[in-house]
Amino acid sequence: MPAAHQSAYLDHAATTPMRPEAVEAMLPFLTVRYANPSGAHRMARDARRALDEARDEWAEMLGCAPGEVVFTSGGTESDNLAVFGAARRPDDPAAELTAHAGLVVCSAIEHHAVLDPTLALGGRTVAVDRTGRLDLDDLAAVLDQEARRHDAGEGPGVRLVSVMFANNETGAVQPVGEVAEVVRRHAPHAALHTDAVQGFCLADLSVAAAAADLVSLSAHKFGGPKGVGLLVVRPSVRLTPRQLGGGQERGHRPGTQDVAGIVAATVAGRLTAASRPAEVERLTKLRDRLVEGLLAVLDDAVETGVERVDGLADRSGRAPGIAHLCLGGVESEALLYLLEQAEVFASAASSCSSGAMEASHVLGAMGVPSEWAAGSLRLSLGWASTDAEVDHALAAIPPAVHQLRRFTL
Ligand code: PLP
């Protein structure tokens with residue numbers, strides 16, 4: 001019997017559709033209330049008021065002061081600003097990127113928006129275990145080693161530790177509170193950044209990320225527009241701007257703000273926060289049904305990083321919206337093509353690279369053998385996901401996998 005819903009968008013970790021309320025909130029700021037919020041006239045003051053209200057609301061949602069909210073062009077910019085901004089010397093914003101930089105330490109499973117700036121600055125990575133959770137002992141060891149190097153005049157000292165809130169490929173939630181304790185003990189002068197781009201839908205960050213000095217968000221992951229993000233910058237951090245200009249965002253991020261996008265992001269954020277507990281429950285059930293349904297009919301399939309005890313999966317440390325499977329005897333790219341033919345839209349790993357499939361550094365860090373990683377499939381759910389979509393995916397994915405395996409045998 002054909003499924004009632006004929007397609008399934010299972011790529012919410014890549015991006016979500018905008019919430020209609022957010023689209024509606026955005027329109028007046030594109031058509032009527034379009035003035036530059038930095039201007040002095042009445043229309044500008046109106047835009048400024050909307051921006052201030054958005055900032056106040058974010059401050060409340062994130063448990064910080066309004067002046068600690070820095071609006072950016074998305075998660076990538078927030079992450080880059082956090083890493084480069086905290087690593088560089090505050091009194092010398094125009095210095096060469098690598099000159100005068102303190103050391104940055106991040107987890108080995110960060111999104112490229114954190115990992116690449118960290119590595120560009122000569123930083124270090126910290127191991128994760130096979131479930132994809134940060135190894136706190138390794139973190140402490142790296143911080144101790146760098147402290148000794150610094151004391152011996154051989155290293156710049158750790159200025160920033162960056163550990164994401166939830167991983168975008170596997171959904172593994174990181175122990176940010178425990179990370180903060182390790183950092184305070186082993187590198188008391190370092191700031192802590194968390195990329196919470198995949199975290200806002202699953203946790204109240206005013207509590208769950210309270211220990212972080214810097215927090216990145218991106219609006220298009222929770223029903224807001226693409227190209228809008230924010231970085232919480234607590235007063236404990238002296239951030240060097242990445243660009244110089246008109247002094248907006250207290251000089252942290254000069255440039256005319258996208259008031260329409262920021263207003264829409266705020267509406268999406270408000271709706272996400274208000275529905276969070278119910279949505280976490282709903283998505284957990286949907287995700288469990290999807291994964292268990294697939295594992296029940298597919299041989300040679302494992303749920304990446306999820307331990308099973310007596311046949312029961314322990315998904316307690318996973319974001320409810322992200323499921324990740326590795327399928328033996330299947331090539332991700334071919335599977336995604338067949339799924340697309342069946343109106344199932346998913347991805348292999350993160351979708352932020354060029355579209356070319358590269359080996360996932362996240363799976364590599366978790367010790368997933370490359371032959372398994374080659375058959376990886378990420379199915380991610382969000383606010384717009386429905387039961388009917390899960391039905392459709394459950395009907396469409398197994399035949400596609402079987403078809404591919406017949407070819408490769
Ligand atoms: N960080 C994480 C964990 C992400 O999942 C993403 C996007 O996939 C980003 C950062 C980048 O965000 P944006 O697409 O807003 O630049």
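A residue counts as buried when its relative accessible area is under 20%, as exposed when that area is over 50%, and as partly exposed in between. Because Phe-200 has a relative accessible area of 1%, it falls under this cut-off and is buried. The structure discussed here is a predicted model, and every value below was computed from it.

The structure holds three aromatic pairs. One of them joins Trp-58 and Phe-200, whose rings lie 5.3 Å apart from centre to centre with 55° between their planes, a geometry that counts as tilted. This pair links distant parts of the chain, since Trp-58 belongs to helix α2 (residues 42-62) while Phe-200 lies in the loop between β6 (191-195) and α7 (205-208), 142 residues apart. Together with Phe-222, Trp-58 and Phe-200 form one aromatic cluster. The ring of Phe-200 also has a charged neighbour, for the charged end of Arg-276 sits over that ring, 4.9 Å from its centre.

**The ligand and its shell**

There are 14 residues around the ligand, and those that come nearest are Gly-75, Thr-76, Asp-195, Ser-218 and Lys-221. By residue type, the shell around the ligand divides into three nonpolar, eight polar and three charged residues. Helix α3 (residues 75-87) supplies the largest share of this shell, with three residues.

| Residue | Protein atom | Distance to a ligand oxygen atom |
|---|---|---|
| Gly-75 | polar backbone atom | 2.8 Å |
| Gln-198 | N or O atom in the side chain | 2.8 Å |
| Lys-221 | polar side-chain atom | 2.6 Å |

On its own the ligand has 390 Å² of accessible area, and the protein covers 90% of it.

**Backbone angles and loop positions**

For Glu-343, phi is near 65°, and its place is in the loop between α9 (332-341) and β13 (344-345). The relative accessibility of Glu-343 is 37%, so this residue counts as partly exposed.

Ser-347 is found in the loop between β13 and α10 (361-365). Is Ser-347 buried or exposed? With a relative accessible area of 6%, Ser-347 is buried. The side chain of this serine makes a polar contact with the side chain of Asp-11, at a distance of 3.3 Å.

Val-280, by contrast, is found in helix α8, and its relative accessible area of 25% makes it partly exposed. The C-alpha atom of Val-280 is separated by 7.8 Å from that of Cys-201, although the two residues are 79 residues apart along the chain.

Methods: Residues numbered from 1 in each chain as written. Predicted model: local features only at pLDDT ≥ 70, side-chain atom pairs only at ≥ 80, totals over all residues. Heavy atoms only, no water. Near = heavy atom within 4 Å. Polar contact = N/O pair within 3.5 Å; in protein donor to acceptor, adjacent residues only side chain to side chain. Areas by Shrake-Rupley, 256 points an atom, 1.4 Å probe, with all protein chains shown as cover. Helix = DSSP H or I, 4+ residues; strand = E, 2+ residues; numbered from the N terminus. Nonpolar A, V, L, I, M, F, W, Y, C, P; charged D, E, K, R; others polar. Phe/Tyr/Trp six-rings, centres within 6.5 Å; stacked < 30°, edge-to-face > 60°. Buried < 20%, exposed > 50% of the residue type's maximum accessible area, 1.4 Å probe, protein only. Lys NZ or Arg CZ within 6 Å of the ring centre and 35° of its normal.
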